[in-house]
Amino acid sequence: MEQELLYPLTNKCRFDQKLDGLWDFEFDRESQGLADNWTAKLPDPIKMPVPASFNDFFTDKDSREYTGDFWYAKRVFVPGSLRGKLIGLRFGAATHRATVYVNGQEIRSHEGGFLPFLADITSAVKFDEENLVVLEMNNELHRDALPAGDTAVLKNGKKMVKPFFDFYNYSGLNRSVHLVATPENHVVDYTAVSTLGDDLATVHYTVTTSQSVGSVSVTLRDKDDQIVATSNGRTGDLVVQHPQLWNVRDAHLYTLTIQVTANDNLIDEYSDEIGIRTITIAGHQIEVNGQPVYLKGFGRHEDSIYAGRAFDLNVEKRDFELMKWMGANSFRTSHYPYDEEVYRFADREGFLIIDEVPAVGFKMAAASFLGGLDQSFFDGDWTEELYKKHLDQVTDMIHRDKNHPSVLAWSLFNEPDTSSKSAVPYFEKMFAATKALDPDQRPRTFTLNEDDTFDTSYCKQFPDFYLLNRYPGWYHKWGYEISDGEAGLREELDKWAASDIDKPVVFSEYGADTQPGLHKLPSVMWSEEYQIELLQMFNRVFDSYDFIRGEQPWNLADFQTVEGNMRVNGNKKGLFTRDRQPKEAAFYLRHRWLDIDNNFKN
Ligand code: CKX
């Protein structure tokens with residue numbers, strides 16, 4: 001049960017209850033909790049909302065910046081009606097590592113703060129009683145973990161994270177916790193991949209069950225709840241006549257229902273919404289259902305005031321409304337897989353997602369946010385251990401998200417150091433090991449940052465299409481020199497154009513930090529006018545090269561970062577403020593995007 005990642009639901013065979021609300025919470029400054037029996041009782045807890053990052057609730061800096069071990073606990077009533085089923089706790093995201101105890105019994109540990117995990121608590125649970133659920137957690141950063149960074153010990157003995165990236169290390173139970181129950185013989189996973197014919201589509205499915213007894217039947221229903229195809233068996237084809245295809249900003253979903261029966265008794269049932277569509281890369285085109293698509297959208301963060309990196313349905317709803325208002329059709333889950341609800345929104349709204357694993361900070365120079373470390377990242381002796389965790393998280397991300405029609409591609413790294421040859425073996429291994437993970441064979445990619453150019457990157461052979469993060473006009477050639485920035489950008493793009501590489505290029509980051517309300521004529525950096533001028537510069541460049549097939553400025557909204565001399569209370573490159581109100585540039589870009597069709601350049 002522990003490797004199962006299907007989204008929980010309640011129906012006549014299954015049970016799902018969110019355990020959100022106030023939990024007990026306590027810092028374990030001396031890492032003595034285990035020795036002092038905190039699994040039985042936290043000695044002096046405070047109340048902490050779940051889901052939430054703990055950091056921004058505190059008014060003292062030691063607590064906000066706390067780095068190390070910390071604990072959560074909650075009493076959970078498990079109804080007797082669930083006897084005979086497998087009982088689990090599903091944690092949407094425990095950042096960054098957690099060990100689960102139930103009634104004092106250790107259940108399992110998990111590392112990786114942005115993907116769900118299931119703890120099978122069947123053997124520990126007491127029915128018709130309250131059960132004590134306790135989590136020992138840790139939010140340190142290390143070079144052999146994702147996302148990468150260091151944990152320093154200050155002279156006063158306190159720990160501090162030193163991320164090799166700029167987003168704030170928001171920690172805690174950032175997504176919902178679910179109490180779930182499934183039949184012992186149950187649907188463990190399914191895959192559904194479509195191929196298209198002439199006014200006909202075939203959904204090729206596989207279903208895995210926890211036991212081999214029983215038979216499996218699969219039904220597909222349209223939005224009017226009419227059955228459009230049925231099939232029997234653990235693998236099979238669902239043939240749909242006159243299919244309504246899932247398309248960009250024109251989503252059509254079908255409900256797939258899997259039933260497991262034995263001797264005419266229903267044993268388990270699982271339903272999910274799927275879309276019928278194909279994704280291909282053809283030359284320098286990105287295609288959905290065989291038609292070229294130009295990406296307009298954003299790099300984003302799960303970030304908002306008070307609750308930090310917690311998933312918040314209200315913020316998500318607002319973000320989708322903003323993206324729709326802008327005329328966007330896509331986004332990247334920079335720099336980690338987001339809450340599953342985000343993908344469900346995107347499935348319904350017809351947005352394309354570049355789904356990114358938290359392989360961020362794989363570059364010592366990125367530590368420049370805190371002073372810089374000059375060494376090639378992949379020369380480090382930590383890469384063997386890191387690789388294992390990295391592959392584990394790519395595997396889980398693909399496992400979790402593979403059935404979402406909205407997922408366009410997998411991003412396996414953000415801005416890794418590829419300008420040293422020592423990156424190549426790591427990339428070779430990672431791209432080989434992940435090749436067959438996705439039954440839909442979506443393209444795989446990663447973002448190339450400023451130092452990793454056409455001339456300097458040793459890893460250009462790996463991606464199926466390119467994501468470029470480029471900052472002329474901001475991190476170099478800024479202000480009055482922006483014209484040289486444009487010239488430099490064109491020089492690099494001319495090289496891509498003249499090469500024999502024929503793959504799409506998407507600009508996945510570019511932008512200028514902008515203080516909302518700061519107006520200057522003529523513009524200066526940080527003013528609203530300068531942000532518009534920088535976007536105009538990039539757009540001129542995008543429109544001059546046919547192989548550029550998408551633009552995703554950094555970022556949808558301002559977000560919290562580490563403190564430092566490059567940031568004024570966060571990264572301000574948002575087109576929207578942190579409280580999701582537009583800067584002037586949002587109106588400019590909206591105008592451009594409403595004028596550009598989804599099939600721009602064709
Ligand atoms: N790219 C020079 C990664 C993002 C950062 C962005 C920035 C960088 C730029 C790399 O996570 O926020 O500094 O604005």
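This is a predicted model: local features need pLDDT of at least 70, side-chain atom pairs count only at pLDDT 80 or more; totals for chains, interfaces and linings use all residues.

**Exercise 1. Find how many cavities of 30 Å³ or more the whole structure holds, and describe the lining of the largest one.**

Solution. 
- Step 1: Start with the search. Rolling a probe the size of a water molecule over the atoms shows where empty space is left. For the whole structure, five cavities of 30 Å³ or more turn up.
- Step 2: Take the largest cavity, which holds about 130 Å³ of space.
- Step 3: The lining of the largest cavity is made of 17 residues, and L6, R14, L118, V180 and T182 lie nearest the centre. Two or more lining residues come from each of β1 (15-18), β14 (177-182) and β15 (187-196). The biggest contribution is from β14, with three residues.
- Step 4: Sort the lining by class. In the largest cavity there are 12 nonpolar residues, one polar residue and four charged residues.

**Exercise 2. Work out which domains and which strand contribute to the lining of the second largest cavity.**

Solution. 
- Step 1: Note the volume of the second largest cavity, about 100 Å³.
- Step 2: Locate its centre. This cavity is lined by 14 residues, with A192, G275, R277, N403 and D440 the closest to the centre.
- Step 3: Identify the strand. β15 supplies the largest share of this lining, three residues.
- Step 4: Turn to the domains. Domain 2 (187-274) and domain 3 (310-594) each give at least three residues to the lining.
- Step 5: Sort by class. The lining of the second largest cavity has five nonpolar, four polar and five charged residues.

**Exercise 3. Locate the cis peptide bond from V50 to P51 and the one from L521 to P522.**

Solution. 
- Step 1: Recall that most peptide bonds are trans.
- Step 2: Check the bond from V50 to P51, which is cis with omega near 0°. P51 sits in the loop between β3 (46-50) and α1 (61-64).
- Step 3: Check the bond from L521 to P522, also cis, with omega near -5°. The loop between β31 (505-509) and α7 (528-542) holds P522.

**Exercise 4. Is D199 buried, partly exposed or exposed, and what is its phi?**

Solution. 
- Step 1: Read the phi of D199, a positive value of about 55° in a residue that is not a glycine.
- Step 2: Apply the cut-offs: buried is under 20% relative accessible area and exposed is over 50%. D199 has 43% relative accessibility, so D199 counts as partly exposed.

Terms used: Residues are numbered from 1 along each chain as its sequence is written. Side-chain values use heavy atoms; hydrogens and water are left out. On a 1 Å grid over the protein atoms alone, a cavity is a set of points where a 1.4 Å probe fits but cannot get out, and a pocket is an open set with protein on both sides within 12 Å along at least five of seven lines; lining residues have an atom within 4 Å of a point. Grid points are joined across faces, edges and corners, and a volume is the space filled by probe spheres set on the points. Helices (H or I, at least four residues) and strands (E, at least two) are DSSP runs, numbered from the N terminus. Ala, Val, Leu, Ile, Met, Phe, Trp, Tyr, Cys and Pro count as nonpolar, Asp, Glu, Lys and Arg as charged, and the others, Gly among them, as polar. Domain bounds come from an automatic or database domain assignment. Buried means under 20% relative accessible area, exposed over 50%, partly exposed in between (1.4 Å probe, protein chains only).
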